[in-house]
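Please work through each task before reading its solution.

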Amino acid sequence: MAGSITDAAQTGNKGPELMAVMWSMTTLATLLVIARLCVRQRMLRNFGFDDWLIGASMIFGLLFVATATVSVTYGYGKHTTNLGTRATELALMWNMISFIFGIISFALPKLAVAALLHRILNPNKIQRIVVWGLVIMVSIIALINILIYVTMCDPPQALWKTSMVVRGEATCRNVWILVNYATFNGAFSAFVDLFLAIYPGMVLYKLQMSLRKKIALTAALGMGSIAAAVAMVKCAQIKGLADQTDPTYGTVSLVLWTNVEANVVVIAACIPTLQPMLELILRKLKLSSTSKAQSKPSTYAQYKIYDNQSSSRAHVSKKERPTPLSKKESQESILNDIEQYQIRRTDEVYVEYEMQPPKETCLK
């Protein structure tokens, strides 16, 4: 029994699991980004700076999952002992490239969230300084993290050609420098995600609107709290970078949770902007059911209205009497009043008066 467990551990492969999660999350985020950009450009005609940022974030996210996929094809996700030297080097090289895109992919969307909150909430000067200061700090810390990562060894090729260190052809700094800084980067990123989730609720609480709207908007704009929780889980996986004996297997969880965090931030930034599309879909569904249910009664109501009007205005000729609306016209009336989902009735009032001739006066 013990021998079978050992064999299973030695032949383990996390690559398929990694690909399933990464492509599922990235596909969902990509679809929402496309929907958001369509709403902003085609429906609202108001393409803004936050839309450019979220589009760029999605591009880096796609590069992240694409390079990770190449890494998996070379054996990333398997134990290093089960790979040849060349396969190990290629898997680690593409993994290093994917980490660079991964760090950018979870830092850049925070700028998009800040731009979105700036546009929607119209913060005051102090709030703008705090929000933009935090997200810019996240970006700077992320860039420093990338620099530390790619300069860990001299020459940098030793990051994936580990044999160079063994032969004395390269020198590398202590790996815990990278681990500790990456942990700090992840923790600060989680803090900013949480702040960006709480901040809208603090602003909306002071506005004069119904409690229902406040809760709905706070929930839509506060989904970044999920990203904060994911970032904390990711921080617990960063220690895998210190696994020098099995680098193609020990950092799989870190790659997975980095991808999940990046996509959750993107999804959280897209959901509040999809309200016009959601309302349009709901209106079409409700309009379809309303027009079918009310087309006949509305026509009957029009007939009844005009019948009542004709009895009170018997002196009006038949040519002047309004004709009842057809079924098609009744449905068009509903379409014209889609926001209220009701037919508007207009009553015409005729006022008749007679001109009396002026009275004759006697001339004195």
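Helices (H or I, at least four residues) and strands (E, at least two) are DSSP runs, numbered from the N terminus. The model is predicted: local features need pLDDT of at least 70, side-chain atom pairs count only at pLDDT 80 or more, and totals for chains, interfaces and linings use all residues. Residues are numbered from 1 along each chain as its sequence is written, and side-chain values use heavy atoms, with hydrogens and water left out.

**Exercise 1.** Identify the disulfide and describe its geometry.

*Solution.* A disulfide is a pair of cysteine sulfur atoms within 2.5 Å. The structure holds one disulfide. Its partners are Cys153 and Cys172, with an S to S distance of 1.9 Å. The link is right-handed, with 110 degrees about the S-S bond. It connects distant parts of the chain, 19 residues apart: Cys153 lies in strand E1 (residues 153-154) and Cys172 in strand E2 (residues 171-172).

**Exercise 2.** Examine the annotated "transmembrane region" spans.

*Solution.* The unreviewed UniProt entry places this feature at several spans, including residues 20-39 and 186-205; such annotations may be inferred rather than shown by experiment. Residues 20-39 are 100% helix and 0% strand, with end C-alpha atoms 29 Å apart. For residues 186-205, the end C-alpha atoms lie 29 Å apart, and the span is 100% helix and 0% strand.
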